[in-house]
Amino acid sequence: MVLVFWVVLAAAAAPLAGALTDEQENDVAAWLPSDAESTRALQLQTELGSDPDLLPAVIVYERTAGLTAADTAAVQEDVSALGQLDALDGTIVGPVPAEDGQSVQLIVPLNVGSDGWEAIAPLVDGIRAEVSDGPTGLGTWVTGPAGSAADSAEAFEGIDGTLLFAALGVVVLILLVTYRSPVLWVLPIFSAVIALSCSQALIYLLARYADLTVNAQSASILTVLVVGAGTDYALLLIARYREELRLHTDRHEAMTEAVHRAGPAVLASGGTVVLGMLCLVVAEMNSTAGLGPVAAIGVAVTLAVLMTLLPALLVICGRWVFWPVRPTFGSAEPTATGLWAHVGATIRPRPRATWLVTSALLLVASLGVLLLSPNGLTQAESFRGTPESIEGDAVASRHFPAVAGNSVYVITTADSATEVAEATATTEGIAQVGEPQVVGDRALVEAALTDRFDSEPASDTIERLRTTLDDAGDGEALVGGNTALNLDVQDAAQRDNLVVIPLIMFVVLLVLAVLLRALVAPVLLIATVVLSYGAALGLSALIFDWTIGVTATDSSFPLFVFVFLVALGIDYNIFLMTRVREEAADHGTRRAALIGLAATGGVITSAGLVLAATFSVLGTLPLTFLTQLGIAVALGVLLDTIVVRSVLVTALTLDIGRHMWWHGALARRPDGPGVPVGGTIPVPTGSGAPSQT
């Protein structure tokens, strides 16, 4: 009945999931800080008749030997042809010749309406085809806001399908290696796909009828998150089920006990991720705030599927699904003498030295953060590779004093228009100022920058201009435009880092305190995850420098990495420490630490590899931010599972012993004699069956 329920629900959800792309909001406002000055200026531009859907295309022509008469004639033919475009909104500006006689440019105002994300790419492709058939040797590029938007849209085109199949491919490979079963991998993959379809459908309904904001970035991360986290939870449940099959003759009883034992840890892990993601709603950045509910819904639906559908599938299939290594009743538990049991035995004689050395190495790795520059990516740095808009932008910069189509817009009152225009013209970094355009009681002043719109000097100019205009007219002028938007985005992202990161840490700390019924252990676990976060950022900075040659990142990059590493990385510590707490009641904390490591080491490592592999798929995308995010999260997850959880947390638990549970009841229970050097790790008894060694 459970299987039928989910299959029917997934079949109904499939059409809605497929329509999620249609509900994505990829316009400028969907990414911006809602209360920023540039955002308010953008809204007022619309009221003044300046359409936010207007995207100028800048067409650059170049012949380094000097333009010929044939080149000039070809440009005039292009002007005539482009004048017939349905999307043309206004008059084509140009041809504007460069002073060196080697280049000329056109500014073509385009308006594709509210569906610009879908429509801009084919429109720009048509323009590129039109202008590329000039005389031999004449270079042509379509750049400006329209060219950049088209290249961004093409970078995201088909991204969901690519990510899904790539993520599923690496997960299948890891599951085959983990279980060495040609069949078992189908069940977690099937469950993850059902979870993804259902979560996408629910998000579609909320986006359509409840104003949930979804953009291409959050939709892409949703795919990776559901597949990675879903497979993670599946691995944890399957591992406990396989363990219980050795203790029960009836597979239904084994699954009941597995869900009873592993369920709280899985639910706590998933609940921590959900709460951590929901913390993002307090972010000023709309794109960051929108990701929170999307990711939380995806994880919540995944938990529901994995805790109901996967157990049903495993029970329906029976023990044969583990073939060729079927867990039979009374068979030896392999984890008792496995790799992680030996790791625990190695740490046991010298736990303090182990955690001190490990912590020192992670701190050294964290020093790489000094190379990281989270102050925003330039337009050229935003893409891996060099799309045409970036090439054209570079060509235009060689021949023209400023990049066309990226003006500064100042919104003021009609009475202050003249004074504001004069103050703007005298500001350092402003090249020229147009006549104020007065509409009713408001006015729009357009100005050009002397520096590239995405450069640091241009941002400095915006800050100077805002300071200057505080004393001009009524002092209420608003400065907008792409440079102002970029500046406000970076400021909002840095504010979000300072607010959201501590909030997530506090929420995770509360969850751990409730789950473990202690105070010391939660604080130490949070500290270890933060340490691995710092090491991941530091090592990632080195990798960025060596591989993609870009150490600059978006200002929201530290927050995104923190969210995924802490919210997801804490999963492994939860699974380990809930098992240690369970065993401590019978064996004492120090022996329980070794039992927990031996019992969970293999599955947690496999889960970490799965999650790291799925996030590394983001590195295949042509967008620098998502590539950097994929590398950093994958590296952080590997550090967390292999180093922090297995070595650092185990060493801390062995060193501190029962005081890890202060001030709970376990803190008052004396530790047992421990495991002698060279001794065996007792097999966890699970549901109270006779223990084995």
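Student: In which order do the strands of the open sheet run?
Tutor: In this predicted model, the open sheet has four strands in the order β2-β3-β1-β4, with antiparallel pairing.

Student: Which strands stand at the edges?
Tutor: The edge strands are β2 (93-97) and β4 (139-143). Each has a single partner strand, so one side of each lacks a neighbour in the sheet.

Student: And by how many degrees are neighbouring strands turned against each other?
Tutor: On average by 20 degrees, with direction ignored.

Student: How many bridges join β2 and β3?
Tutor: β2 pairs with β3 (residues 103-111) over three bridges, in the antiparallel sense. In β3, Ile-107 is the bridge partner of Val-93.

Student: Which helix packs on the sheet and touches β2?
Tutor: Helix α3 (residues 69-82) does, and it also touches β1 (54-62) and β3. The direction of α3 makes about 5 degrees with that of β3.

Student: What about α14, which strands does it lie across?
Tutor: Helix α14 (residues 388-399) lies across β1, β3 and β4, and runs at about 110 degrees to β4.

Student: Changing topic: at what angle do α13 and α21 cross?
Tutor: The axes of α13 (residues 351-366) and α21 (residues 624-656) cross at roughly 145 degrees and come within 8 Å. The crossing is left-handed.

Student: Which residues make that contact?
Tutor: Among them are Trp-355 and Leu-362 of α13, and Val-643, Val-647 and Asp-655 of α21.

Student: How do the contact residues divide into nonpolar, polar and charged?
Tutor: Eleven are nonpolar, three polar and two charged.

How values were computed:
Residues are numbered from 1 along each chain as its sequence is written. This is a predicted model: local features need pLDDT of at least 70, side-chain atom pairs count only at pLDDT 80 or more; totals for chains, interfaces and linings use all residues. Side-chain values use heavy atoms; hydrogens and water are left out. Axes are lines fitted to C-alpha atoms, for helices over the stretch in contact, and angles run from 0 to 180 degrees between N-to-C directions. Helices (H or I, at least four residues) and strands (E, at least two) are DSSP runs, numbered from the N terminus. A crossing is left-handed if the near helix is turned anticlockwise from the far one by less than a right angle, and right-handed if clockwise. Contact means heavy atoms within 4.5 Å. Ala, Val, Leu, Ile, Met, Phe, Trp, Tyr, Cys and Pro count as nonpolar, Asp, Glu, Lys and Arg as charged, and the others, Gly among them, as polar. Two strands pair if DSSP finds at least two bridges between them.
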